Amino acid sequence: MITLRRAEERRHDRRRKQEVWLTFHPRDRGDPRADRFGHLESLRESRLPPGAIVSRDLHHDAEIVTYVREGALGYEDDLGSSGVIQAGEFQGTSAGRGIRRREANASRSNWAHVFQLLLSPSEPGLLPGHELKRFTVAERRGRLCVVASPDAHGGSLRISHDALMCSAVLEPGQHVVHELSPGRTAWLHLVAGEVTLGDDVLTSGDGAGVTAERAVSLTAREEAEILL
């Protein structure tokens with residue numbers, strides 16, 4: 001079964017030229033489509049103008065994967081960690097007992113385009129920390145490149161959940177398949193472009209939950225980028 005959440009169905013917030021789209025979010029309890037999907041509790045897409053600042057609290061044992069598609073994102077937290085995530089880089093963050101994190105567009109002239117995926121706590125007592133990896137377009141072109149996994153295989157970010165996170169950049173006509181073991185589900189988010197998933201066409205910002213299927217099978221209709 002494939003359950004769609006179209007781009008325009010996402011919650012859209014605009015503040016001081018910052019734009020944020022939430023595919024689902026734990027605070028949207030009034031919207032049945034906004035509840036989390038498996039371990040994935042929140043999927044946030046942000047466009048930040050030059051110098052924009054965002055502060056947020058990460059609660060106990062939560063994990064977040066941040067992907068900067070364009071621009072650069074600076075960060076610092078109350079544990080004393082700080083740095084800059086550049087375009088094409090993925091960062092995994094574990095909140096431990098909870099941290100307050102301040103993020104800002106690191107450029108004074110260019111916008112930043114950022115995706116953040118919050119995973120619900122998998123177990124108590126996770127140590128706080130950060131890990132940064134770069135996955136080039138060449139590594140992700142035409143294939144599902146694993147960017148986060150519980151065993152860090154293939155040089156991916158290490159996460160505590162029994163889950164995989166993949167990224168792919170596809171040319172028109174390219175086809176990728178991810179097989180699902182019995183009982184497994186998947187969430188597909190279209191970062192950019194247009195793909196076909198079964199009988200459905202997905203465009204930028206669309207998402208789809210895949211349950212009770214043997215595989216996620218999709219074909220790019222135009223140049224596309226996905227997160228799975």
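This is a predicted model: local features need pLDDT of at least 70, side-chain atom pairs count only at pLDDT 80 or more; totals for chains, interfaces and linings use all residues.
Local features need pLDDT of at least 70 and side-chain atom pairs count only at pLDDT 80 or more, while totals for chains, interfaces and linings use all residues. Residues are numbered from 1 along each chain as its sequence is written, and side-chain values use heavy atoms, with hydrogens and water left out.

Helices (H or I, at least four residues) and strands (E, at least two) are DSSP runs, numbered from the N terminus. Two strands pair if DSSP finds at least two bridges between them. Strand β2 runs antiparallel to β3 (residues 18-22), and five bridges join them. Here Arg15 stands opposite Gln18.

A further open sheet has seven strands in the order β1-β20-β17-β22-β15-β13-β14, and its pairing is mixed. Its edges are β1 (2-5) and β14 (157-158); each has a single partner strand, so one side of each lacks a neighbour in the sheet. Within this sheet, β13 (residues 145-149) and β15 (residues 165-170) pair in the antiparallel sense over three bridges. Cys145 has Ser167 in β15 as its bridge partner.

Strand β18 (residues 194-197) is antiparallel to β19 (residues 200-203), with four bridges between them. Glu194 faces Thr203 across this pair. Two residues separate the strands of this hairpin, and Gly198 takes a positive phi near 65°. Strand β18 also pairs with β21 (residues 215-220), again in the antiparallel sense, over three bridges. In that pairing Val195 stands opposite Ala220.

Salt bridges (a side-chain nitrogen of Lys or Arg within 4 Å of a carboxyl oxygen of Asp or Glu) number 14. One of them joins Glu76 and Arg102 at 3.8 Å, N to O. Glu76 lies in β7 (residues 72-77) and Arg102 in β10 (residues 99-105), so the pair ties together parts 26 residues apart in sequence. Accessibility is classed as buried (under 20% relative accessible area), exposed (over 50%) or partly exposed (in between), with a 1.4 Å probe and protein chains only. Glu76 is partly exposed at 39%, and Arg102 is partly exposed at 35%. Arg221 and Glu194 meet in a salt bridge of 2.5 Å, N to O. This pair links the loop between β21 and β22 (224-227) to strand β18, 27 residues apart.

Arg69, Glu70, Arg140 and Glu225 form a network of salt bridges. Arg140 sits in helix α1 (residues 137-140). At 2% relative accessibility, Arg140 is buried. Its side chain makes a polar contact of 3.3 Å with that of Tyr67. A polar contact is a pair of N or O atoms within 3.5 Å; within protein, one must be able to donate a hydrogen and the other to accept it, and residues adjacent in sequence count only if both atoms are side-chain atoms.

Glu63 belongs to strand β6 (residues 63-70). Glu63 is buried but has no salt bridge; Arg158, the nearest side chain of opposite charge, is 9.1 Å away. For charge, Lys and Arg count as positive and Asp and Glu as negative, while His and the chain ends are not counted. The side chain of Glu63 does make a polar contact of 2.6 Å with that of Ser160.
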